[in-house]
Amino acid sequence: MTYKGIGMSMWQGELERIDAFRWRIPKGYKAGMRVDGVIYADEEMVKDIRSDRAPEQVANVAFLPGIVKHSLAMPDIHWGYGFPIGGVAATDIDSGGVVSPGGVGFDINCGVRLIKTNLKEGDVRPKLKDLVYALYNDIPAGVGSKGDIRISGAEERKLLVDGARWVVDHGYGRQEDLEYTEDHGAIKGADPDAVSARAYERGKNQSGTLGSGNHFIEVQAIDEIYEKETADIFGLEAGQVTIMIHSGSRGLGYQICDEYSKDMIQCLSKYGINVPDRQLASAPVNSPEGKAYLGAMKCAANYAWANRQCLMHLTRSAFEKVFNMGPKDLGMDLVYDVAHNIAKVERHTVDGKEKTLCVHRKGATRAFPPGHPELPARYRKTGQPVIIPGDMGRNSYLLTGTEGAKETFYSTCHGAGRLMSRSAAISACRGRSISRELETKGIMVMSSSRDTLAEEAPEAYKDVNEVVGVVDGAGISKRVCRMRPLGVIKG
Amino acid sequence: MVKSNHMERYEQFPHTADIGVRVYGKDMKELFENAAFAMFDIIADLQGIDAPITKNFTLDAPDHEQLLVVWLDELLYNFYTKSIIFSRFEVKELTDGCIKATASGRPVGENRNRLKTEIKAATYHGLKIEKTDSGYKVEIVFDI
């Protein structure tokens, strides 16, 4: 164990500039690293990145058996537990590559979906208050919130296998929603028997609940188009109102990660795995423990897609009520839904050879390039839509995947990334009303917790414009359009 | 930046994404009690809350660090599924790898407005129990 206490001191390790957007932690930095670390950032950002322990975590991830190419970090990198947030690591399954529950995180398939509408900002402004109140009222949020969508034990097992499809089949959505969800809202190979009774219990009655912390529903307006042709295919234009939903697998995912992280600590000695942090506990993908974890993780991923589908249904209903319009006129179609905390078994080319890899994306988004066979036919030409929420005061983005992202196993950033700790944000906001400050900018926010608003204050985050500037500049994804918040519901 | 709480039982230290706490105890038993208190002090406003319900726990793990996470996660599981805000903790026995303890609390019920922060889990990140001049300390990162 080389780890010496934790705290927010400047990270003094080696960071070599590769080019304007890439920085290397050489594998010689720490004995045990199997590959270099590579961080995507510009010169300015590197100062912030050095201010916490995140770069050390990039180096720690490089210890994982079977890791190929690099231990990667996206520009929204910040200090997590085990993996950094913004971390990407792929292991070669046929060469003893491991899967680490800490490389996915507690909120398995935390992710975000983008919904378009036929409304313009001018249609929403006069009814913004009613809309935000309706969303706040109709969507359960906050600590330990419970939903109205109740499911029996036997049905719950089906939901874990069928994911968003189960929800659509029960009347909460449309068939085409599934086509525009990553993995069609249900990743194959989910094993309900790998999920403990306790995990079922924690997930019960939480479908259709937002959760708390950084989870949100945001009504926004498109304020800038960068790629008109792509935006046309997505059916998006300036001034149009869109909605973003950010949530995950709730208590079910937390319990699964908790139990498997614990079990995998025992795997470290069993399989002779040397990692510098217990939260990086892992097991070979092909071991019984690795298979069981992935079977359970997929259940939680499917639960999360079901949950976001429920949340979208509740959002559509709230819009129909407030605008007194039918679904056809509102045109609330799903643009896409992405996971940003997940491990996926994917085929990638490494050093000219095609390999089966276990790609961990911990606060990172899959970003398939144009022509990828897993994309819906309509998006084959554009590449995969990548949804990047920012903070509640500035912007959010829609990007697309590029061929350039081959070097990141077709992965990119997932958000703005935190800059300040939650306690620092609360201190900085003491005596201020964040909701009033945002109101003067025309943004209405509601949260069940006053602390949440301070913790989530815009200044606690990096500027998403800069984060997106790096991934676009590095060529690992491409800007399509930018959104600006109008109304936000926080957990 | 560092916030002290309740007579030095624990303090928060800044962590970018999550919440970190530095917990103190004059002995290992008190360290475990104070860690549980710290967790619930983050989850809810414990000021003046009573604790009419008591639950017994017997748990084991291969070492003290893992046992600490097992203990905290057991209490979290009970909070989320039995809806009890725990505020008093007593460790009766603590030997290598085994804890016998009680936790007392009050149903969430009409105390919903006391809830502050959703803790997803206690993590193993950098977890190390250290001996100090006056007892023990440990730093724990909670995923929130």
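Several elements cover the buried residues of helix α4(A), including α3 (121–124), β8 (216–225), α11 (288–323), β18 (444–447) and β19 (477–490) of chain A. The helix itself spans residues 128–138, and its buried residues are Leu131(A), Val132(A), Ala134(A), Leu135(A) and Tyr136(A). A residue is buried if 20 or more other C-beta atoms lie within 10 Å of its own, exposed if 12 or fewer, and partly exposed in between, with C-beta atoms placed from the backbone. Helices (H or I, at least four residues) and strands (E, at least two) are DSSP runs, numbered from the N terminus.

This is a predicted model: local features need pLDDT of at least 70, side-chain atom pairs count only at pLDDT 80 or more, and totals for chains, interfaces and linings use all residues. Residues are numbered from 1 along each chain as its sequence is written, while chains are lettered from A and ligands numbered from 1 in the order in which they are written.

**The two chains**

Chain A has 16 helices and 19 strands. Its radius of gyration is 21 Å, close to the 23 Å of the globule rule for 491 residues, so chain A is as compact as a globular protein of that length. The radius is taken over C-alpha atoms, and the rule is 2.2 Å times the number of residues to the power 0.38.

Chain B has two helices and nine strands. Its elements run β-β-β-α-β-α-β-β-β-β-β from the N terminus on.

The boxes below are filled by C-alpha atoms and taken along the principal axes.

| Chain | Box (roughly) | Buried residues |
|---|---|---|
| A | 60 × 50 × 45 Å | 60% of 491 residues |
| B | 40 × 35 × 25 Å | 51% of 144 residues |

Contacts can also be sorted by separation in sequence. Two residues are in contact if their C-beta atoms, placed from the backbone, lie within 7 Å. In chain A, residues 24 or more positions apart account for 77% of the contacts with a separation of 6 or more. In chain B, 62% of the contacts between residues at least 6 apart join residues at least 24 apart.

**Where chain B meets chain A**

In the interface, 32 residues of chain B are in contact with 40 residues of chain A. On the chain B side, the elements that give two or more residues are β2 (10–13), β3 (19–25), α2 and β9 (135–143). Helix α2(B) gives the most, with six residues. By class, this side of chain B has 14 nonpolar, ten polar and eight charged residues. Ala, Val, Leu, Ile, Met, Phe, Trp, Tyr, Cys and Pro count as nonpolar, Asp, Glu, Lys and Arg as charged, and the others, Gly among them, as polar.

Helix α2(B) (residues 64–82) packs against helix α10(A) (residues 250–270) at an angle of about 160°, with the axes 12 Å apart. Axes are lines fitted to C-alpha atoms, for helices over the stretch in contact, and angles run from 0 to 180 degrees between N-to-C directions. The two helices are therefore roughly antiparallel to each other, a term for angles over 145 degrees. Their crossing is left-handed. Such a crossing has the near helix turned anticlockwise from the far one by less than a right angle, and a right-handed one has it turned clockwise. From α10(A), the contact uses Gly251(A), Asp258(A), Lys262(A) and Ile265(A); from α2(B), Gln66(B), Val70(B), Asp73(B) and Tyr80(B). This contact has three nonpolar, two polar and three charged residues.

**Helix α2(B) inside its own chain**

Helix α2(B) also packs with α1(B) (residues 28–43). Their axes come within 11 Å and cross at roughly 40°. This crossing is right-handed. Met28(B), Phe32(B), Ala35(B), Ala36(B), Met39(B) and Ile43(B) of α1(B) meet His64(B), Leu68(B), Trp71(B), Leu72(B), Leu75(B) and Phe79(B) of α2(B). The contact of α1(B) with α2(B) has eleven nonpolar, one polar and no charged residues.

**Positive phi**

Ser83(B) lies in the loop between α2 and β5 (84–95) of chain B. Its phi is near 55°, a positive value in a residue other than glycine. Ser83(B) counts as partly exposed, with 16 C-beta neighbours inside 10 Å.

Tyr410(A) has a positive phi of about 50° although it is not a glycine. This residue sits in the loop between β16 (396–401) and β17 (411–412) of chain A. Tyr410(A) is buried, with 26 other C-beta atoms within 10 Å.

Key:
Parallel < 35°, antiparallel > 145°, perpendicular 65-115°, else oblique.
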